[in-house]
Amino acid sequence: MKPVVLVGKGPSAQAVPDSKDYIVAAVNDATRFCERVDYLFVQDIEVLQGMGPVDFAKSECAVVPTHPFREHSQYHHLT
């Protein structure tokens, strides 16, 4: 089993090079630190709207809730 590198945007965030030695999981738009992302976790519509085609192109799989959040509230009619 490969280790997982979880990438966020905090003060310790740094570039994560592409490698077959680990799985990369990015939270929200932390894709900016990654060459490639195996799993992208996004919960908020605002984050999705702020991401560009490059962010999505480098992501293999996006994990989003069935009913995403907008302005800190979950809306069932958004999906």
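V7 has A26 as its bridge partner in β2, and that pairing is a handy way into this model. Strands here are DSSP runs of E with at least two residues, helices are runs of H or I with at least four residues, and both are numbered from the N terminus. The model is predicted, so local features need pLDDT of at least 70, side-chain atom pairs count only at pLDDT 80 or more, and totals for chains, interfaces and linings use all residues. Residues are numbered from 1 along each chain as its sequence is written, and side-chain values use heavy atoms, with hydrogens and water left out.

Back to the strands. β1 (residues 4-7) runs parallel to β2, and 4 bridges join them; two strands count as paired if DSSP finds at least two bridges between them. Further along, V5 sits opposite V24 in β2. On the β3 side, β2 pairs in the parallel sense over 3 bridges, with F41 in β3 as the bridge partner of V27. Put together, this gives an open sheet of 4 strands in the order β1-β2-β3-β4, with parallel pairing. The edges belong to β1 and β4 (59-63), each with a single partner strand, so one side of each has no neighbour in the sheet. From one strand to the next, the twist averages 25°, where axes are lines fitted to C-alpha atoms, for helices over the stretch in contact, and angles run from 0 to 180 degrees between N-to-C directions.

Zooming out, the protein has 2 helices and 6 strands, and along the sequence they come as β-β-β-α-α-β-β-β. Of the 79 residues, 28% are buried; that means under 20% relative accessible area, with exposed being over 50% and partly exposed in between (1.4 Å probe, protein chains only). The protein exposes about 5400 Å², and carbon and sulfur atoms supply 56% of that (Shrake-Rupley method, 1.4 Å probe, with only the protein chains shown counting as cover for residues). Among contacts between residues at least 6 apart in sequence, 15% join residues at least 24 apart, a contact being heavy atoms within 4.5 Å.

R36 is found in the loop between β2 (23-27) and β3, and D38 is in strand β3 (residues 37-41). Their side chains make a polar contact of 2.5 Å, that is, a pair of N or O atoms within 3.5 Å; within protein, one must be able to donate a hydrogen and the other to accept it, and residues adjacent in sequence count only if both atoms are side-chain atoms. R36 also has a side-chain polar contact with D18, at 2.5 Å. R36 counts as buried because its relative accessible area is 19%, and D38 is buried too, at 16%. Leaving out residues up to four places away in sequence, R36 touches D18, S19, Y22, V24 and K58. With neighbours within four places likewise set aside, D38 is in contact with Y22, I23, V24, E60 and C61.

C61 is partly exposed, with a relative accessible area of 32%, whereas C34 is buried at 4%. A disulfide here is a pair of cysteine sulfur atoms within 2.5 Å, and by that rule the count is 0.
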